[in-house]
Amino acid sequence: EAQYIVALVGAITALFSATIAVGQYDIKKVLAYSTISQLGFMVAAVGMGAYVAGMFHLVVHAFFKALLFLSAGSVILGMERGHHHLPHHGGGDDHKEEVFDPGDMRNMGGLRKQMPTTFWLYVIGSLALAGIVPFAGFWSKDEILLDAAKNHTLIYVLLASAAFLTAFYMGRQIWMVFFGKPRHAAAEHAEESPKVITVPLMVLAGLSILGGGLNLPYVESLG
């Protein structure tokens with residue numbers, strides 16, 4: 001009974017945090033609430049006795065969530081560079097009251113053209129987080145959902161709903177940041193990050209793609 005309560009708390013946390021992520025406009029807050037949601041998946045797995053699945057999700061989640069947070073940093077830096085090169089930057093009474101937030105997704109849009117490398121890296125991280133096959137997040141999240149489907153119907157419904165919302169809010173974020181028309185002049189002038197930033201992201205992207213192999217049948221390096 002105690003274990004079931006732990007699993008239920010984890011599943012409720014996963015779903016509740018996902019609903020909060022849906023309503024955020026700060027690029028990092030979406031990922032922060034997403035992290036809490038994924039921790040809910042891990043806690044639910046442990047509560048159900050699926051210790052390997054929980055640890056598996058913890059490990060691969062580190063790959064793609066690190067990729068997403070650092071890619072979000074790349075986006076913010078690109079926006080700041082775009083804002084820095086605007087004619088009014090740094091002076092002029094007309095713009096003294098302007099408060100520019102480079103992390104607000106409402107200021108972004110169309111960044112896939114200005115920052116193509118960061119865009120593709122972000123897409124890889126998002127697909128892994130959403131649990132799309134064959135990315136790493138699919139294998140770990142699917143293992144948790146399978147255990148819930150076999151033994152705990154309520155836990156499964158809550159976690160499956162959280163998984164759906166994960167795909168939804170990451171799709172929303174990708175659309176707001178990288179597609180459509182730029183909603184601020186800074187987005188029009190955004191610049192791609194240098195290789196010192198993008199190359200480490202490529203390593204994390206590789207782990208986000210291949211990390212699911214850690215616990216495939218006949219490998220089972222986690223137990």
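1. Helices (H or I, at least four residues) and strands (E, at least two) are DSSP runs, numbered from the N terminus. Ser-126 lies in helix H5. The model is predicted, so local features need pLDDT of at least 70 and side-chain atom pairs count only at pLDDT 80 or more, while totals for chains, interfaces and linings use all residues. Residues are numbered from 1 along each chain as its sequence is written, and side-chain values use heavy atoms, with hydrogens and water left out.

2. Is Ser-126 buried or exposed? Ser-126 has a relative accessible area of 6% and is buried (buried means under 20% relative accessible area, exposed over 50%, partly exposed in between, with a 1.4 Å probe and protein chains only). Leaving aside neighbours within four places in sequence, Ser-126 is in contact with Leu-68, Met-170 and Ile-174, where contact means heavy atoms within 4.5 Å. For the pair Ser-126 and Ile-174, 48 residues apart along the chain, the C-alpha separation is 8.1 Å.

3. Val-123 also has its place in helix H5. Its relative accessibility is 18%, so Val-123 counts as buried. Between the C-alpha atoms of Val-123 and Arg-183, 60 residues apart along the chain, there are 21 Å.

4. H3 and H5 have axes that come within 9 Å and cross at roughly 150° (axes are lines fitted to C-alpha atoms, for helices over the stretch in contact, and angles run from 0 to 180 degrees between N-to-C directions). This crossing of H3 and H5 is left-handed, that is, the near helix is turned anticlockwise from the far one by less than a right angle; clockwise would be right-handed. On the H3 side the meeting residues include Phe-64, Leu-68, Ser-71 and Val-75, and on the H5 side they include Thr-118, Leu-121, Tyr-122 and Ser-126. By class, the contact of H3 with H5 has 10 nonpolar, five polar and one charged residues (Ala, Val, Leu, Ile, Met, Phe, Trp, Tyr, Cys and Pro count as nonpolar, Asp, Glu, Lys and Arg as charged, and the others, Gly among them, as polar).

5. Ser-71 lies in helix H3 and is buried, with a relative accessible area of 0%. With neighbours within four places in sequence left aside, Ser-71 is in contact with Thr-118, Leu-121, Tyr-122 and Leu-201.

6. H5 and H9 pack at an angle of about 30°, their axes being 10 Å apart. The two helices H5 and H9 are therefore roughly parallel to each other (angles under 35 degrees count as roughly parallel, over 145 as roughly antiparallel, 65 to 115 as roughly perpendicular and the rest as oblique). The H5 and H9 crossing is left-handed. Thr-117, Leu-121, Ile-124 and Ala-128 of H5 make the contact with Thr-198, Leu-201, Met-202, Ala-205, Ser-208 and Ile-209 of H9. The residues of this contact of H5 with H9 divide into seven nonpolar, three polar and no charged.

7. What is the angle between helix H2 (residues 27-47) and helix H7 (residues 153-178)? Their axes cross at roughly 160° and come within 11 Å, which makes H2 roughly antiparallel to H7. The crossing of H2 and H7 is left-handed. Among the residues making the contact are Ile-27, Ser-34 and Phe-41 of H2, and Leu-159, Met-170 and Val-177 of H7. Counted by class, the contact of H2 with H7 has 11 nonpolar, five polar and one charged residues.

8. The largest nonpolar core has 42 residues, and those with the most contacts inside it are Ile-27, Leu-111 and Tyr-122 (a nonpolar core is a set of buried Ala, Val, Leu, Ile, Met, Phe, Trp, Tyr and Cys residues joined through side-chain atoms within 4.5 Å). Elements giving two or more residues to this core include helix H1 (2-22), helix H3 (51-84) and helix H5 (116-130). H3 supplies the largest share of this core, 10 residues. A second, separate core of 17 residues includes Phe-41, Met-48, Ile-144 and Leu-159.

9. The peptide bond from Val-133 to Pro-134 is cis, with omega near 10°. Most peptide bonds are trans. Pro-134 lies in the loop between H5 and helix H6 (136-151).

10. His-184 lies in the loop between H7 and H8 and, at 17% relative accessibility, counts as buried.
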